[in-house]
Every structure is written in structure tokens, then in C-alpha cells.
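This briefing concerns strands, aromatic rings and charged side chains. Please have the sequence and the model at hand while reading.

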Amino acid sequence: MTDLLAGIRILDLTNVLAGPYCAYQLALLGADVIKVETPQGGDLARQLGASAALNKAGMGASFLAQNAGKRSVVLDLKSEADRERILDLVASADALVENFRPGVMGRLGLGYEVLKAVRPGLVYCAISGFGQSGPMRDNPAYDQIIQGLSGIMSITGTPETAPLRVGYPVADTLGGLVGAFAIAAALVKQKTSGEGAFLDVSMLECTLSALGWPVSNYLTAGVEPQPMGNENMTAAPSGAFRTGDGLLNIAANKQEQFVTLCRLIGQPELADDPRFAERETRKQNRAVLKVLIETALASASAAAWEEKFNRAGVPAGRVLTIPQVLGERQVVERDMTTRFQGLPGMEQPLTVVRGGFMVDGAAPLPVLPPPMLGQHMDEVFSTLPPRARRSA
């Protein structure tokens, strides 16, 4: 773990994915993240995952994925006594993140204005499906709902198979990343001016913002994005190609890369063919070009072509499965995962994935395993400031 956010306390009142992923990034940066869970089972993600045994034990794989490095306390937000304890925690915190529907925290008597009175300068981040305002603010939102509404599904797949859901909760993940980024930025202001902020993070808006290129093509050029499968609309040959063994992504987006590709596959004449000589003509004739390239690629495996192309400056990469990529030297040597031994209720060691960054050449790995429900009640409340201890 890094110390970039050492001394910063984050209250994590979130569930399932977007909010917990947000707080996980902050924990990896060194923040003290206290996860506040309900006594009735805690975070729903504790019951979600491929292992029924772990789900029953309240340590589902979905929970384990994004809660390492945190401490867990249990409080009933509908209880007056526990609401007082929440205020005690808030008084000790720098930031709070929640992903309830808009208005829920206010109805519980824990809205931003109430919390700000207890902790002036609090950074309050509310992650929701649609934001705190607008006609859809009260609608329930899950990742697939946002994927469909954002336009992602309309451009995922081929013309025959679209619309398709992206194969992982990309909208939830984007909401979490944006929330973490916004909190980190607001903490800078807090530390320089003492002022806090109310951060209104909309998963729909995060996802739409990340669709920058397709949206820009529509807004500036009037071209409605269409599903293209594994092809890249901006260039050709750029997409997934069949080889003698496995699929290979090739991104020969520059003219010199295309010329080199043609030479390496033993078809240098393709670079001078009027159908393929320029970027725009290649895009217009991408289907026939793909057939010609795949015919040549059939002579060797994806791994062999990947090495050959990259050595010559043509971007290429195999299409891997999750188990395959986790075993890649690139991933292993950069300490993308860390392992915890001897966790209660787990017969096997637990391996978790870190964030997608390194700090000063070191991997920011969590130092604490994902917590059992309420594991840190005594530890957290016994160390609160005197004001908080009186009501704890």
C-alpha cells in the first residue's frame, strides 16, 4: 500500500460495486477506509459470487474483489443511537462516500447539511445511477440498466448481435473510478483551504463521458455510431484476426505500420494495391483486406505473430481468457495481485487484484484482507476522539 493518502479517513457507506470500488481505490492510496455496514448481513456483495459456501459465510467473491484494505463496523442507520455513532465517525473523517438513491441519507437524518455541521470541510460523495437531480433521479439503477441507457449496448457486438451488454459491470466501475478521482481532488482543496465539497456522481454521466469518441462522431460529424464487432472504425486493418491458433488483435493504424505488416505476412504488394494504399480506402475495403490477412496468418499461431509484429513495431496482442492473462509474466512481474493466508472461513488462500497504477515504482497492495462483517467495531470506536467516545 502507498502512503499518498496516509492520515485521511474515508467513511464507506456503500454497497455492491460502484461505491465499494471507489473506496477501494482510496484504500489502495493509503486512506483509512471504514466500511459502515448494516447489521442485517452487511454489504449485499457479501452474498454474491460463484462460491455458494463463501456467499453463505458472508464473504462472497464479489465482496472480496473490492474491499481489501478496509475496516468494517456495523451500524443500523434507522436506529437513533447508531445515527449518533455515525455522527461521531463523521466528526473524525475527511470524506464520506455513499451510493443510496438520492434523498435516502436525508430521510435518515444524515444528509449533507447535517453532516457538514458536525464536520465542517467534509468531502461528501454521493454515487447514484442518474445523479441527485433530473426526472430519472429516483429510478433504481443497476449496471445493465445504465449500459442500455448510455448507448454502450447499442454499439457493442456485431450488426447481427447488437445490442449486447459489455461482459463486466463497466458502468458501475466507471462510476467508482470517477468518484475516487473526484474525492481525491476535493481532498486537495480541503487540505489547502479547509473547504469541503458535495460530489454528485452519476453513473449514466460517467459512462456517457467515457463514450467520448462515439459521442463526438455524432455531435461533430453527425454520424450515428454503429456496432462493428471487433473492428475499429477509425482504421484498418485494426481488429481481431484469426490465425493458425487463436485470435490476434492487430492495430496497424499508421501507414508505416500497415506497410510493415504487409511485408511481415509475405504480402508486400498489398501496400500498393489501390484498394488498400490509403487509410480511407482501407476502411472502405476492410472486409476483403481482412480475408487476405487472415489467409496469411493461418500459417502460424497468434503467439508467434504477436512476437513478430511487436518486434517490428506493429501493435498486436493475443485475445486471452481471464486465467491466461492472470498467468502472463507482464501481470505477475508487476505484482498485480496479492495473497492473504489463513482467513476465517476460507480453506484456500485469498488472492485479490490491486488498482491499475504503481507509485514510485512500487505496487500499492492492500495490507488488510477484506473484513468480516463488523470485525473492527471495538478497534474503531475505542480510538475515536473524546467527543465521539462519549456517545459511542
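Predicted model: local features only at pLDDT ≥ 70, side-chain atom pairs only at ≥ 80, totals over all residues.

**A covered strand and its surroundings**

Strand β5, residues 123-128, is mostly covered, with 6 of its 6 residues buried.

- Strand β4 (residues 95-98) pairs with β5 in the parallel sense over 4 bridges, and V97 stands opposite C125 in β5.
- Strand β6 (residues 197-202) runs parallel to β5 and is joined to it by 6 bridges; here I127 stands opposite V201 in β6.

**Aromatic rings**

- The structure holds 4 aromatic pairs.
- W305 and F309 form a stacked pair, with 5.3 Å centre to centre and 25° between the planes.
- The pair counts as stacked because planes under 30 degrees apart are classed in that way.
- Both W305 and F309 lie in helix α14 (residues 302-311), 4 residues apart, which is about one turn of the helix.
- W305 counts as buried because its relative accessibility is 6%, and F309 counts as buried because its value is 0%.
- Y112, Y124 and F198 form one aromatic cluster.

**Charges over rings**

- The charged end of R46 sits over the ring of F63, 3.9 Å from its centre.
- R282 lies over the face of F258, at 4.3 Å from the ring centre.

Definitions and conventions. Residues numbered from 1 in each chain as written. Heavy atoms only, no water. Phe/Tyr/Trp six-rings, centres within 6.5 Å; stacked < 30°, edge-to-face > 60°. Helix = DSSP H or I, 4+ residues; strand = E, 2+ residues; numbered from the N terminus. Buried < 20%, exposed > 50% of the residue type's maximum accessible area, 1.4 Å probe, protein only. Lys NZ or Arg CZ within 6 Å of the ring centre and 35° of its normal. Pairing = 2+ DSSP bridges.
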